[in-house]
Amino acid sequence: MKDLLKLKTSLSEDIENILNAQVKVEAHSSALYLAMSSWCDDQGLDNSATFFATQADEERIHMLKIFNFINNRGGRAVSPEITNIPVDFESFRGVFEQALEQEMFVTEQFNNIADKCMKAKDFVTFNFLQWFLEEQVEEEYVARRILELFDVIGEEGTGRWEIDKHLVKVTFDGE
Ligand code: FEO
């Protein structure tokens with residue numbers, strides 16, 4: 001009976017599995033950014049703490065978008081188990097470097113999923129992915145721009161607090 005019901009969805013098991021894997025990646029990003037937020041807060045870097053708390057919320061929204069899509073297509077979304085979230089980070093700059101690396105990893109994942117959808121001729125999911133691919137341009141842009149502040153301002157003296165003050169002005173207008 002279960003198999004018969006499964007036949008009624010156009011979402012293949014392969015695509016369902018890679019989408020569930022991405023649900024886990026987004027949940028991991030959310031938990032990682034929350035950890036970064038806490039570390040920044042502990043360091044007295046209040047704007048950075050708020051920045052990462054907002055990022056954590058956004059990643060949870062990303063996770064739920066994919067989660068709901070799987071269920072809406074007749075698949076079974078899996079609530080992921082998240083482990084290995086760090087408590088400590090080596091440096092202020094290191095936190096943002098890790099954030100950029102995480103976003104570049106996420107972009108690569110979405111590119112891979114899009115590639116698999118193309119090959120499987122699953123254009124419904126391929127179309128759904130476009131929003132995420134566009135979102136990644138912004139996510140990488142913001143992380144890169146903030147990292148530039150470390151080079152421009154420098155961390156010496158009151159530099160860390162200057163960087164923390166200026167990063168709220170980093171926005172992406174898509175032009
Ligand atoms: Fe959901 Fe920042 O990627």
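Guide: Helices here are DSSP runs of H or I, at least four residues long, numbered from the N terminus. The model you see is predicted.

Visitor: Where is the place of aspartate 88?
Guide: Look past helix H3, which covers 46–72. Then find helix H4, which covers 92–119. Aspartate 88 sits in the loop between helix H3 and helix H4.

Visitor: Is aspartate 88 buried or exposed?
Guide: Residues over 50% relative accessible area count as exposed. Aspartate 88 has 61% relative accessibility, so it counts as exposed.

Visitor: Which residues gather with Asp88 in a patch on the surface?
Guide: The patch carries negative charge. Asp88 belongs to this patch.

Visitor: What pattern does the protein follow along the sequence?
Guide: The secondary structure comes to six helices and zero strands. Read along the sequence, that gives α-α-α-α-α-α.

Visitor: How many of the side chains are negative?
Guide: The protein has 17 positive side chains. The centres of the positive and negative sets lie 9 Å apart. The negative side chains number 33.

Visitor: What share of the residues counts as buried?
Guide: Buried means under 20% relative accessible area. The protein has 175 residues. The buried share of them is 42%.

Visitor: Is cysteine 117 buried or exposed?
Guide: Cysteine 117 has its place in helix H4. Its relative accessible area is 0%, so cysteine 117 is buried.

Visitor: Which residues does cysteine 117 touch?
Guide: Leave out residues up to four places away in sequence. Cysteine 117 then touches Ile15, Asp122, Thr125, Phe126 and Leu129.

Visitor: How far apart in space are cysteine 117 and isoleucine 18?
Guide: Along the sequence, 99 residues separate cysteine 117 and isoleucine 18. In space, the C-alpha to C-alpha distance is 10.0 Å.

Visitor: What separation do the C-alpha atoms of glutamate 13 and leucine 64 have?
Guide: Glutamate 13 is in helix H2, residues 13–42. With a relative accessible area of 55%, glutamate 13 is exposed. Leucine 64 is 51 residues away along the chain. The C-alpha separation is 19 Å.

Visitor: How many salt bridges does a search of the whole structure find?
Guide: Side chains of opposite charge can pair when their charged atoms come close. A search of the whole structure finds salt bridges numbering seven.

Visitor: Which residue is linked with Arg93 and Glu97 in a network of salt bridges?
Guide: Glutamate 97 bridges to arginine 93, with the closest N and O atoms 3.0 Å apart. These two lie in helix H4, four residues apart, about one turn of the helix. Glutamate 97 is partly exposed at 32%, and arginine 93 is partly exposed at 25%. The network also links Asp151.

Visitor: Is glutamate 140 buried or exposed?
Guide: Glutamate 140 meets arginine 144 in a salt bridge of 2.8 Å, N to O. The pair lies in helix H5, residues 123–153. Arginine 144 is partly exposed at 39%. Glutamate 140 has a relative accessible area of 13%, so it is buried.

Visitor: What separates the closest N and O atoms of lysine 165 and glutamate 162?
Guide: Lysine 165 and glutamate 162 lie in helix H6, three residues apart, about one turn of the helix. Lysine 165 is partly exposed at 46%, and glutamate 162 is partly exposed at 28%. They form a salt bridge, with the closest N and O atoms separated by 3.8 Å.

Methods. Residues numbered from 1 in each chain as written. Predicted model: local features only at pLDDT ≥ 70, side-chain atom pairs only at ≥ 80, totals over all residues. Heavy atoms only, no water. Patch = residues over 30% accessible without salt bridge, like charges linked within 9 Å, V, L, I, M, F, W, Y side chains within 5 Å. Areas by Shrake-Rupley, 256 points an atom, 1.4 Å probe, with all protein chains shown as cover. Salt bridge = Lys/Arg side-chain N within 4 Å of Asp/Glu carboxyl O. Lys, Arg positive; Asp, Glu negative; His and termini not counted. Charge placed at Lys NZ, Arg CZ, Asp CG, Glu CD. Buried < 20%, exposed > 50% of the residue type's maximum accessible area, 1.4 Å probe, protein only. Contact = heavy atoms within 4.5 Å.
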